[in-house]
Amino acid sequence: MSGTNSLTLESAIRLALARNPWLSAAANQVTASAGRAHQSKMWPNPDLELSAEEWPTGGGGFQDAKKLVGVSQTFPFPGKKRLDGEIGEMGVRVSQAEYDLRRVELVRDVKTAFFEVLAAERMVAVARELVAVAESSAATARKQVQAGAAADQEQLRAEIPLEQARTELAGFEREEDTARQKLANLLGVPDFAGATIVGALAEAVSLAVLDSEPEHLLTRHPGVIAARAREQRAEAAERRARLEPYPDVKLGAAGGHESEGHVSFMQFGVSLPLPIIDRSRGRRQEARAETAAAGAKLAAIEQQLLRDWRTASQRLRTAAQQVTAYRERILPKANEALRLVQRGFEEGKFRFIDLLDTQRTAAEARLGYQQKLLELNIAQANIEALLTHAPGENNAARGAQAQETTNDL
């Protein structure tokens, strides 16, 4: 990204979805899971068997032996391959839900980082204005002291806020650089420092969605879908483990002829392992524990999402109230106080230090307002992430399939 480019919130989200390496890794995991699911449904290839029996030891050679050529095929116990395929399909659903969850979290993080950059830019602008005011005040105080109209301490009192304003400006500039780097990392764009951020923090949001019951809103959250798919996969794996003691049957057929008399013959065979020792007990125990763990994780994720909803809802309500208080009461009073003190200072009713303190108070109110706007917008982004449903289409698998087709061409 060159320094002449501008970046809106929508373009930032599109760029992140296209270039974020973690999202790309999650998409490839979906493709890998689809490959494993396909492979799990495949039967093993038959075995080609060649043998020579009754090879004469006292003379003769291969032509005097009984030669056999045949094939053998392993037939899994009924139900094993079906459950293998079901486990594979559940794995695809898990990977897809994890991709959807990563996508939702990425969009939320991009919004948060974008809002942080916007707020940091506004705070830097206010801090620079405050430095300019402090510099002007310090210069005025210096002239008054030189003219003998003010004591030396008045100049010192004016220079202290100037140093404070410069220190705060350096802090805000550092925070802006940090916010830009955070956004650049999410977008997968290392050369982001010179880009122009276009947008503004929302000053009001709708709170109507907070009146809804969150339980039915969160059931389609990608995190819940992923946990439910893991539970279903674990249940299928447990059913598969119950079939493990039942042996697979291997059938074979071979044909050949004897060297003497050139007699042709057929030979059939059946083999299966003897379950003398139950070697699948540990696997069944593991499968039962995995099923219980998956169910517990599903319940934990649902509870965590409800806690996140309550926390985000409270933050959004609080931030909305604070923004309203700043916009309707604090900022108007600060601006009115500054106007009255400026006029009084011009008329000689207030001292210079009174004007300086009022100017600083008004600037701090503007900084506080920007901070509350940031909290409001971040809280709104968190609510939107919690209410985002998993898409109906397999976008990750479809994109990977399209890329694979392109590579094949």
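Colleague: Which helix is Glu 231 in?
Modeller: Glu 231 sits in helix H6, residues 222-242. Bear in mind that this is a predicted model.

Colleague: Is Glu 231 buried or exposed, and what is the nearest side chain of opposite charge?
Modeller: Glu 231 is buried and has no salt bridge. The nearest side chain of opposite charge is Arg 228, 6.0 Å away.

Colleague: What is Glu 231 in contact with, leaving aside neighbours within four places in sequence?
Modeller: Its contacts are then Ala 294, Gly 295 and Leu 298.

Colleague: Salt bridges next. How many in the whole structure?
Modeller: A search of the whole structure gives 25 salt bridges. One of them joins the side chains of Lys 80 and Asp 248, at 3.0 Å from N to O. Lys 80 is in helix H3 (residues 80-146), while Asp 248 is in the loop between H6 and strand S5 (249-257), so named by DSSP runs. The two are 168 residues apart.

Colleague: What does Asp 84 pair with?
Modeller: Asp 84 forms a salt bridge with Arg 240, with the closest N and O atoms 2.9 Å apart. That pair links helix H3, where Asp 84 lies, to helix H6, where Arg 240 lies, across 156 residues. Asp 84 counts as buried at 18% relative accessibility, and Arg 240 is buried at 16%.

Colleague: Which residues make up the network of salt bridges?
Modeller: Lys 81, Asp 84, Arg 240, Glu 244 and Arg 283 are linked in one.

Colleague: And Lys 111, which residue does its side chain meet in a salt bridge?
Modeller: Glu 384, at 2.5 Å from N to O. Lys 111 is in helix H3 and Glu 384 in helix H8 (residues 352-386), 273 residues apart. Lys 111 is buried, with a relative accessible area of 15%. Glu 384 counts as partly exposed at 31%.

Colleague: Switching to rings. How many aromatic pairs?
Modeller: The count is 3 aromatic pairs. Among them, Trp 43 and Phe 75 are edge-to-face, 5.7 Å centre to centre with 85° between the planes. Trp 43 is in the loop between helix H2 (21-40) and strand S2 (47-53), and Phe 75 is in strand S3 (residues 66-75), 32 residues apart. Trp 43 is partly exposed at 44% relative accessibility, as is Phe 75 with a relative accessible area of 34%.

Colleague: Why is the pair of Phe 77 and Tyr 246 stacked?
Modeller: Their ring centres are 4.9 Å apart and their planes are at 20°, so the pair is stacked. Phe 77 is in the loop between S3 and H3, and Tyr 246 in the loop between H6 and S5, 169 residues apart. Phe 77 is partly exposed at 28%, and Tyr 246 is partly exposed at 42%.

Colleague: Which residues form the nonpolar patch on the surface?
Modeller: Trp 43, Phe 75, Leu 251, Val 270 and Leu 272, with about 480 Å² of accessible area together. Leu 272 is in the loop between strand S6 (264-271) and helix H7 (281-346). Leu 272 counts as partly exposed, because its relative accessibility is 48%.

Colleague: Where is Leu 274, then?
Modeller: Leu 274 lies in the loop between S6 and H7. At 67% relative accessibility, Leu 274 counts as exposed.

Conventions:
Residues are numbered from 1 along each chain as its sequence is written. This is a predicted model: local features need pLDDT of at least 70, side-chain atom pairs count only at pLDDT 80 or more; totals for chains, interfaces and linings use all residues. Side-chain values use heavy atoms; hydrogens and water are left out. Patches are made of residues with over 30% relative accessible area and no salt bridge: like charges are joined within 9 Å, nonpolar side chains (Val, Leu, Ile, Met, Phe, Trp, Tyr) within 5 Å. Accessible areas come from the Shrake-Rupley method with a 1.4 Å probe; for residues, only the protein chains shown count as cover. A salt bridge is a side-chain nitrogen of Lys or Arg within 4 Å of a carboxyl oxygen of Asp or Glu. Helices (H or I, at least four residues) and strands (E, at least two) are DSSP runs, numbered from the N terminus. Buried means under 20% relative accessible area, exposed over 50%, partly exposed in between (1.4 Å probe, protein chains only). Lys and Arg count as positive and Asp and Glu as negative; His and the chain ends are not counted. Contact means heavy atoms within 4.5 Å. Rings of Phe, Tyr and Trp (its six-membered ring) pair if their centres lie within 6.5 Å; planes under 30 degrees apart count as stacked, over 60 as edge-to-face and the rest as tilted.
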